[in-house]
Amino acid sequence: MNGGDTPNGPPQPTRARVAEGLARRYRRERRFRLLGLAALLFGLGFLAVFFVTLIANGHTAFVQTRILLDIELDAERIDPDGRREPIALETANYQQLIRDALHRRFPDVTERRDVRELYALISPAADLEIRRLVLDDPAVIGQTRSFWLLADDDVDMLVKGRIDRDAPEAGRRLSDRQIRWVDTLAADGRVELKLNRYFFTSGDSRDPELAGIWSATVGSFFMLLVTLLLSFPLGVATAVYLEEFAPRNRWTDLIEVNINNLAAVPSIVFGLLGLALFINIFGLPRSAPLVGGLVLTLMTLPVIIIASRAALKAVPPSIREAALGVGASKMQVVLHHVLPLALPGMLTGTIIGMARALGESAPLLMIGMVAFIVDVPESPLDPSSALPVQIFLWADSPERAFVERTSAAILVLLAFLVLMNGAAILLRRRFERRW
Amino acid sequence: MSASTVLIVLLGLTALAYAAGRQRAIAGASATPARTYHSLPGYYGGYVALWCLLPTLALFAIWIAVEPIVLKAAVIDALPEALKALPDAELGLLYNDVRNLVEGNVVFGEPQPAIVEAAERYARLRSVSRYLLAATVVVAGIAALAFAYRRVRPEMRARNQVEKAIEYMLVAASLVAILTTIGIFLSVLFEALRFFRLVSPIDFLFGLEWSPQTAIREDQVGSSGAFGAIPLFAGTLLISGIAMLVAAPVGLMSAIYLSEYAGPRVRAYAKPLLELLAGIPTVVYGYFAALWVGPMLRRFGDAVGLEVASESALGAGLVMGIMIIPFVSSLSDDVINAVPQALRDGSYGLGATRSETIRHVVLPAALPGIVGALLLAVSRAIGETMIVVMAAGLAANLTANPFDAVTTVTVQIVTLLVGDQEFDSAKTLAAFALGLVLFLVTLLLNVIALKVVRRYREQYE
């Protein structure tokens, strides 16, 4: 170990200096490595926080509170004429029946202000379900039936534990009395959480307990349909031309640079194009899924083109040469041999593009898809909302009950995205071929 | 007869044309004496079908495009003199009423008899037009079919012609991408120019005050200083800056860890998980920023005695940063992997530790690519809309304090264009001017970034 004397080794002072610094350098190495791990964990940690928060907040929106009341389907009240005409049954005051039932339940509530608070426990739309039953079967008139009536959204929040009972009375949406009533009902086993049908079957509503995502989902479906029908053929055709036919010159270079740039243009700019071109110049209707689909088509085209070109590139030249060798024309080579082999890759790219289009909302705001839509759209020309836009609208709503519905709608949207991406991965696994 | 019915008829005719052309080729080939056709029978079918479809489709498109103009002229021409004398804008509104009446939409108030009459005229003329269209298209289609059918002969090179036609269609498809860019540029530019006629570009680009609402109320469009966009640019830069402060180190370090340290198993799980962050819709990030991160920062600020606005730039920037982490990390990951192994081995051979190799050899070698990746991420941050719409403010404060609420270019575009709008007001047009700036800036960033990345790749290939 007398390094200073050996002819080949470094002189002793250098060795000593290296050995001296070694501990410090290893420490630094460990620190650097930990820093990298911390960065990775930061990103993944956020992902975890994200999903935990969403599920914790959203899962309760799939059920909603219902209150069991014995409703006397009083013939006098519903149909005083006794002729059972549909019009009369349709317009009868079922709300009053609910009020009567509440009075029977809480006979000591008489003061006007209290009575109003009592009525507020039940959703203003709870009578619809009674009406439906009576309309379906007028024979029930005169009987007394038990109904699980839809509770008001504030009661719903209380039952789900999202209203702080200890907060000062002025600071919460329910008074002490109302909470007491709900507790009495609950003690009788008359308050239960049941499946929230409205969330899946109805459109937007000002009453959180009636608001649902169905019309937004249908709007999104129409939009994706338009996008798929236009962007898939266009994208594949463009990719085939650029990859198989186009000569290499400045013109095709320009197209290529242009496509790469389009993929990075902010989505809101596409919305401006949609507003100026499709709505103002072509005169297409605002808020229509058709226009949304057109805008999303232009947005997803670059994604599909880039993926399709990659898929075409992956087909080995030997396939083309063999086909040309047996006398196929250039077009026959592409249509009969190259395209079928590249199709799985193209489809994968298309599905990923569609998934991105499904989550996109900024351009849709530009073309008026932020309207308050209750009805389910029946064609791509009807005014409609879209799933992400519905989330945006609900996130802005002040009611506490919309917070859980927003989270739940996000969960549904994410479920669709996972499904689509899963399909893409499956497709790739199933058909990917290594040459 | 609706336009879609005409289209269906047209498609039926095309199918018929295909069958006819194919049949003629088959019949000719199997006749005695048999004749040798140049192409397969399907190509003759395709030839006749294309002849039948393409001209009629063009005719159809032109008809549908011209019809509204002719109809409008005819309906307005038949209006009483008093109504005809109205200024153009009001005439346009009146014509809209007429059309709404025909479509069965809700019209406010009891319609005037003249309008009802005009509506009837409109409906009558349109139905005549559609019948004429159907007749013209069918006659033209049959004529083209007959013409092409007669040309189905053995020496006719159907395949070459059909293939040529398909190739032209492919070219046309690839033009859509170009047309989109031109369309974006022209439509935004056109409206922006109208805006600059009302507000000088100097005031817009260098003005320090932004308050589009007041300009409308006082009915003095372009009053001094109302459309100064500097606060918006500053707000955008502040939020994007915060986002990059989060995304750049975290993204880069994650990429370094994944490509240089992590084992194959960790890499196989962590990389797709991290990229999941890029697949989450931005509206979800916005919800998260507005409902959880914003209030959390505010509570935190209260606890340490700082005044934090509930729509602070910090909250929006942080969440946006998390959104762009996967962009930075996956692009840098590619770039770092492209650095040749020989460079690393040389460094290890000299006795350098891993982190020394990364810092002194790999990163400098990958620098251009990383810069490109960061530029792309910046462009993404500037153009991001939903997070800032939901979590950033509306008031245009010119401040560098991250705890204050600031507004951005995209937020203003959305606020100006959502809801009722008149297309002549400076307020609406301002959104397009902002859009033009946004488009040009992101375009510039993208072009530079893509160029840098491409040059970098070529260097090591």
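Reader: Into which two domains is chain B divided?
Author: Bounds like these come from an automatic or database domain assignment. For chain B, they give domain 1 (3–156) and domain 2 (230–460).

Reader: And how many Å separate the centres of those two chain B domains?
Author: Quick heads-up: this is a predicted model, where local features need pLDDT of at least 70 and side-chain atom pairs count only at pLDDT 80 or more, while totals for chains, interfaces and linings use all residues. Residues are numbered from 1 along each chain as its sequence is written, and chains are lettered from A and ligands numbered from 1 in the order in which they are written. Taking the centres over C-alpha atoms, domain 1 of chain B and domain 2 of chain B are separated by 50 Å.

Reader: What about chain A: how far apart are its domain centres?
Author: Chain A is assigned domain 1 (67–194) and domain 2 (214–431). The distance between their C-alpha centres is 47 Å.

Reader: Which helix of chain B gives the largest share of the side that touches chain A?
Author: Contact means that C-beta atoms, placed from the backbone, lie within 7 Å. That brings in 67 residues from chain B and 65 residues from chain A. On the chain B side, the largest share is 19 residues, and they come from helix α6(B) (residues 158–198).

Reader: How are α2(B) and α4(B) oriented to each other?
Author: Axes are lines fitted to C-alpha atoms, for helices over the stretch in contact, with angles from 0 to 180 degrees between N-to-C directions. The axes of α2(B) (residues 41–77) and α4(B) (residues 88–103) come within 11 Å and cross at roughly 100°. Angles under 35 degrees count as roughly parallel, over 145 as roughly antiparallel, 65 to 115 as roughly perpendicular and the rest as oblique. So α2(B) and α4(B) are roughly perpendicular.

Reader: And how do α6(B) and α17(B) lie relative to each other?
Author: These helices pack with their axes 8 Å apart, at an angle of about 130°. Among the residues that meet are I184(B) and V188(B) in α6(B), and A426(B) and L429(B) in α17(B). By the angle rule, α6(B) and α17(B) are therefore oblique.

How values were computed: Two residues are in contact if their C-beta atoms, placed from the backbone, lie within 7 Å. Helices (H or I, at least four residues) and strands (E, at least two) are DSSP runs, numbered from the N terminus.
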